[in-house]
Amino acid sequence: MRPIRLVPDGTAIPFMRGRFAGVITSAVLSIISVLLFFYPGLNLGVDFRGGVVVELRGPQALPAETIRDAFAPLGFGDLRVQEFGSPRDVLVRFDNKTQLQDAQRMIAARVAEALPNVEIRRVEVVGARVSGELFRNGLLATGLALVAVLFYIWFRFEWQFGVGVVVTLILDVTKTVGFFAVTQIEFDLNSVAALLTLIGYSVTDKVVVYDRIRENLAKFRTMPLRQLIDLSINQTLGRTVATSLTVVLSILPLALIGGAVMRGFGLAIIFGIVIGTSSSIFIASPILLFLGEKRLRPATARAPQPSSSAAAQ
């Protein structure tokens, strides 16, 4: 029985014909994502905003007014009630950051008194100072990850490869942040973990493509760089698609049935994998072509390009 191939052998898609459209589209989406970061902004979770989050599950639907009346005597200030999954499951958020001492005990006692038969599934309490430190540390971790990737790629490849990877990663990360801003999925420490995971996955995918380009640079010494990049992408396309599809299928259950805590993480990973996989082809490779056309192949930069059939051999 022959194995199923997601990408047929001999595929010769001219990806570099769309290099300008790919880079321009990605840049525009990233600029829009940066604007969305400032307005309407991210839906920061309790990790970064501070306050209290209570997850409740009742034997039947939990009306918002009933929950508000139950928690009003605590004096925690304004609260938000959000239904998720089913009418039986709700998240209650208190933005008050000043009256958090013994909050967990007070909430448990109030639920037992005013909401009998309602289960407290989790309670998270974060003060303002801790939330600010977590937000700064999350941004710092993301920035340091990008710097580490730059040094790794610069050490392993020529500088053109390093610039291509880092610029593409910045575009990938900004678009993922824009995804959080558009969907208003709660942005918390799990979201930072998703961003760091996507950076690692995206780097791996781009290194696969760049490794094949570097191998082909030594193998096809007279082939123009544009033709060589197209050939390299087509040679690695099957592995790229299979790997991305496998990761998406493994993360999909988290996005569908992972609950409020893991749903945002799963959706961000799936979105980021789609963005990261496409950027390896339509962003990282064109950037390498723009930077390296007269450096990686100076002797053939102005040479006439061979036919597509010759490049595929």
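**Close-up views of salt bridges and confidence**

The side chains of E55 and R122 meet in a salt bridge, with an N to O distance of 2.7 Å (a salt bridge is a side-chain nitrogen of Lys or Arg within 4 Å of a carboxyl oxygen of Asp or Glu). This pair links distant parts of the chain, since E55 belongs to strand 2 (residues 51-57) and R122 to strand 5 (residues 119-126), 67 residues apart. Helices (H or I, at least four residues) and strands (E, at least two) are DSSP runs, numbered from the N terminus.

**D89 and R57 across two strands.** A salt bridge joins the side chains of D89 and R57 at 2.6 Å, N to O. D89 lies in strand 4 (residues 86-94) and R57 in strand 2, so the pair ties together parts that are 32 residues apart in sequence. D89 is buried, with a relative accessible area of 6%, whereas R57 counts as partly exposed at 26%.

**R214 and D211 within helix 7.** The side chains of R214 and D211 meet in a salt bridge of 3.1 Å, N to O. Because these residues stand three apart in helix 7 (residues 189-219), R214 and D211 are separated by about one helical turn. R214 is partly exposed, with a relative accessible area of 31%, while D211 is buried at 17%.

**The network of E55, R121 and R122.** Salt bridges that share partners join E55, R121 and R122 into one network. In total, the structure holds nine salt bridges.

**Confidence along the chain.** The mean pLDDT of the protein chain is 81, and 85% of its residues reach 70 or more (pLDDT is the predictor's confidence in each residue, from 0 to 100). Where pLDDT is low, the predicted coordinates should not be read in detail.

**Notes to the views.** Residues are numbered from 1 along each chain as its sequence is written, and side-chain values use heavy atoms, leaving out hydrogens and water. Local features need pLDDT of at least 70 and side-chain atom pairs count only at pLDDT 80 or more, whereas totals for chains, interfaces and linings use all residues.

Notes. Buried < 20%, exposed > 50% of the residue type's maximum accessible area, 1.4 Å probe, protein only.
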